[in-house]
Every structure is written in C-alpha cells, then in structure tokens.
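The tour below moves from one selection to the next and says what is to be found at each stop.

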Amino acid sequence: MPVFGTSNEAVKKFKGIHLYHFWLSSCSQRVRIVLAEKGLDWESHEIDLEKQEHATEEYQSIHPDGLVPAMVHDGVVHIESIDIIDYLDTTYADPPLRPTEPAALVEMHDWMELADDAQHSLKLLTHEFLFRAHPMPQEVLAEFVVNHHNDELCEFMKVFASENGFPKDEIEEELQIHYDHFVTLDDVLAESEWLVGDQFTLADIAWVPNIHRLKLMQYPLERHPNLARWYEAIKQRPSYVAGLADLEPPPAAEAFRAYSKDRAGRGTGIGNYRPLTA
Ligand SMILES: N[C@@H](CCC(=O)N[C@@H](CS)C(=O)NCC(=O)O)C(=O)O
C-alpha cells in the first residue's frame with residue numbers, strides 16, 4: 001500500500017517532503033539514506049518509538065498501521081519503506097539508484113522484497129538481543145494496547161513484555177533466517193561489488209540497515225567476508241553517515257554494545273548461536 005488516503009487535514013496541506021521517522025528504525029534509515037543520496041531537502045517529524053509516540057491517534061491518522069516511516073510528499077502520504085525509496089528514485093531520477101537493464105532491474109526489486117520480508121525477523125532479533133535489557137513494563141504495555149490499533153504489533157509487544165519473552169525455538173528460527181540471507185548476500189558479493197553488479201542501487205540501501213542492526217547486536221560479520229567488505233564500503237558513503245550513523249546517539253550504541261557483550265559473556269549472545277547450515 002504505497003499511498004494512503006489520510007483523513008489528516010493538516011498533512012494534506014504539507015508542501016515538499018516530510019518524513020515521520022525514528023533514528024533506530026531500519027525502515028526509516030533506508031529512506032533517509034536515499035534522501036541523502038539524492039541531496040533532497042526534507043522536514044523531520046520524529047516519532048519516538050521508545051516513548052510510544054506511534055500509538056497516538058494523531059500519528060495513526062497518518063500511518064494506518066501506526067508504524068514508521070511515513071512520508072508526506074506535497075500532501076500525499078506514502079508508506080512502506082521499500083515503496084517509498086522506489087518512489088523517490090523514480091520521482092527524483094538523479095543520481096539514479098537503479099539499473100537500466102530490465103533483468104538487473106528485476107534483480108534489484110527481488111533484493112528489496114527480500115529485505116522487506118526479513119523485517120519481522122529483524123524486529124524479533126532486535127527486541128531479543130538489544131531491547132531485552134529493558135523489557136516493557138506491564139503498565140506501559142497496558143496503555144499501549146489500548147491506544148495502538150495494530151493488533152499484530154500489540155500481540156508482538158505482549159510476548160516481548162511477558163516474563164519468558166520470545167520462545168527459544170522462535171529466536172533460533174529467526175537467527176537461521178538471517179544467517180541464510182547473509183550467506184546468499186555474501187555469495188553474490190563474492191562475484192560483484194554491489195548486490196546488482198557494479199552499480200550501487202536501492203538493493204544495497206534496502207539491506208544495509210539490517211546488517212548494521214546485527215552489527216549493533218555484535219553479530220560476527222566476519223563469518224561473511226564479502227558482506228563485511230560491502231558493509232565497510234557503504235559506511236564510507238556520506239549518505240550512510242547522514243542517514244544512519246549521525247542520528248545514532250553514542251550512549252545508546254554503547255549501551256547496546258555493553259548489553260550484547262554481557263550476553264556473549266553469558267553464552268547467550270547472537271554470536272553464540274550456531275547456524276544449522278554453517
Ligand atoms: N514494511 C514496513 C514496516 C514498518 C515497520 O515495521 N516499522 C517499524 C520500525 S522499522 C515500527 O514502526 N515498529 C514499531 C514498533 O516496533 O513498535 C516498512 O517497510 O515501512
């Protein structure tokens with residue numbers, strides 16, 4: 001659903017690009033990186049997920065699922081990060097972030113779809129390996145489920161806030177999914193500089209926030225040397241710095257690192273998991 005017919009009269013009057021986003025949101029990071037690649041001006045509307053700002057009626061009148069990001073362009077609301085970055089690249093063609101050759105274009109869209117499919121898995125791993133240090137208090141959860149209309153998100157939060165958290169087999173399943181994706185990415189990057197040949201495209205931008213997120217969890221990326229080389233190259237791009245790294249508060253990154261290292265020390269870190277197919 002790339003375009004949402006909002007009932008919010010205020011946003012319908014917006015001119016230019018307005019982005020509702022959160023610094024840590026991988027889906028927001030994708031959009032910000034594309035905006036930076038294109039050198040576009042945009043107005044920031046931060047939706048602090050930690051403060052449950054996505055559960056307000058106001059925000060849910062802008063994004064029907066109460067998720068970030070939502071982009072408003074000249075009064076029209078766009079949702080779904082993959083669709084937003086595709087829209088930005090077709091609307092602002094310079095510099096192009098897509099190949100011209102039809103088969104390569106299909107490949108790029110396949111990669112983007114796969115990154116989108118990995119979202120649920122990334123979310124669960126993030127909550128388990130980064131947020132579990134501070135589980136959601138029951139009174140915050142109770143208010144959240146009353147205010148937020150996204151049933152799937154509310155169910156997810158209930159499990160996260162429960163005493164036992166996510167079942168071990170589910171965590172392992174999601175880790176395996178990520179491991180398998182990383183192996184696929186690594187194989188392709190053994191043969192080419194970027195995911196679609198020698199051009200940096202939306203495919204690379206769709207995936208880089210996921211890799212960054214697992215690095216925050218202290219995932220041993222050296223298991224996938226080509227993917228590690230690709231990630232280091234993207235980190236040098238000004239768009240990565242402006243769209244992702246610069247917005248990451250150093251104390252939060254440090255707290256994530258400390259928690260992940262502590263878990264690793266207790267043998268329950270992300271790197272302690274042994275993938276079945278390794
Ligand atoms: N497929 C959607 C997924 C949007 C989504 O799940 N956003 C996350 C952040 S990346 C969110 O808003 N989560 C709310 C929460 O975790 O409470 C997209 O790509 O835009």
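Begin by colouring residues 3-91 as domain 1 and residues 102-272 as domain 2; the C-alpha centres of domain 1 and domain 2 lie 20 Å apart. Where they meet, domain 1 contributes 19 residues to the contact and domain 2 contributes 23 residues. On the side of domain 1 that touches domain 2, the elements giving two or more residues are α2 (26-38) and α4 (81-91), and α2 gives the most, with nine residues. That side of domain 1 is made up of eight nonpolar, five polar and six charged residues. Keep in mind throughout that this is a predicted model.

Stay with α2 and select A36, which lies in this helix. Is A36 buried or exposed? A36 counts as buried because it has 20 C-beta neighbours inside 10 Å, and 20 or more is the cut-off for that class. Leaving aside residues up to four places away in sequence, A36 touches P238, S239, A242 and G243. If you then draw a distance from A36 to G265, which is 229 residues away along the chain, you will find their C-alpha atoms separated by 38 Å.

Zoom out for a moment to take in the whole chain. The secondary structure comes to 13 helices and five strands, and the C-alpha trace spans about 50 × 50 × 30 Å along its principal axes. For 278 residues a compact globule would have a radius of gyration near 19 Å, and the protein agrees with this, having 19 Å. Of the 278 residues, 35% are buried. Among contacts between residues at least 6 apart in sequence, 76% join residues that are at least 24 apart.

Next, select the strands. The five of them form an open sheet in the order β1-β5-β4-β2-β3, with mixed pairing, and the edge strands, each pairing on one side only, are β1 (3-4) and β3 (43-46). Take β2 (residues 17-21) as your reference: β2 runs parallel to β3, to which four bridges join it, and H18 stands opposite E43 in β3. Towards β4 (residues 70-73), four bridges again join β2, but here the two strands run antiparallel, and the bridge partner of Y20 in β4 is A70.

From β4 continue to β5 (residues 76-79), which pairs with β4 in the antiparallel sense over four bridges; H73 stands opposite V76 in β5. What lies between β4 and β5? These strands form a hairpin with two residues between them, and D74 in the turn has a positive phi of about 45°.

Now look at some backbone details in the loops. In the loop between α3 (57-60) and β4 you will find P69, and the peptide bond from V68 to P69 is cis, with omega near 5°. A cis peptide bond also joins D94 and P95, where omega is about -5°; P95 is in the loop between α4 and α5. Select Q52 in the loop between β3 and α3, where phi is near 60°, a positive value in a residue other than glycine; Q52 is partly exposed, with 19 other C-beta atoms within 10 Å. Then go to Q218 in the loop between α10 and α11, which has a positive phi of about 70° although it is not a glycine, and which counts as partly exposed with 18 C-beta neighbours inside 10 Å.

Move on to helix α9 (residues 168-191), whose 24 residues should span 34 Å at 1.5 Å a residue; the end C-alpha atoms are 35 Å apart, which agrees. Show the side chains of its buried residues, which are L175, H178, Y179, H181, F182, L185 and L189. These buried residues pack against α5 (102-117), α6 (119-131), α10 (202-216) and α11 (225-235). An α-helix has 3.6 residues a turn, so residues three or four places apart point the same way.

Finish in the segment after α13 (250-265), where L276 is found. L276 is exposed, with 10 other C-beta atoms within 10 Å.

Note on methods
Residues are numbered from 1 along each chain as its sequence is written. This is a predicted model: local features need pLDDT of at least 70, side-chain atom pairs count only at pLDDT 80 or more; totals for chains, interfaces and linings use all residues. Two strands pair if DSSP finds at least two bridges between them. The radius of gyration is taken over C-alpha atoms; the globule rule is 2.2 Å times the number of residues to the power 0.38. A residue is buried if 20 or more other C-beta atoms lie within 10 Å of its own, exposed if 12 or fewer, and partly exposed in between; C-beta atoms are placed from the backbone. Two residues are in contact if their C-beta atoms, placed from the backbone, lie within 7 Å. The expected span of a helix is 1.5 Å times one less than its number of residues. Domain bounds come from an automatic or database domain assignment. Ala, Val, Leu, Ile, Met, Phe, Trp, Tyr, Cys and Pro count as nonpolar, Asp, Glu, Lys and Arg as charged, and the others, Gly among them, as polar.
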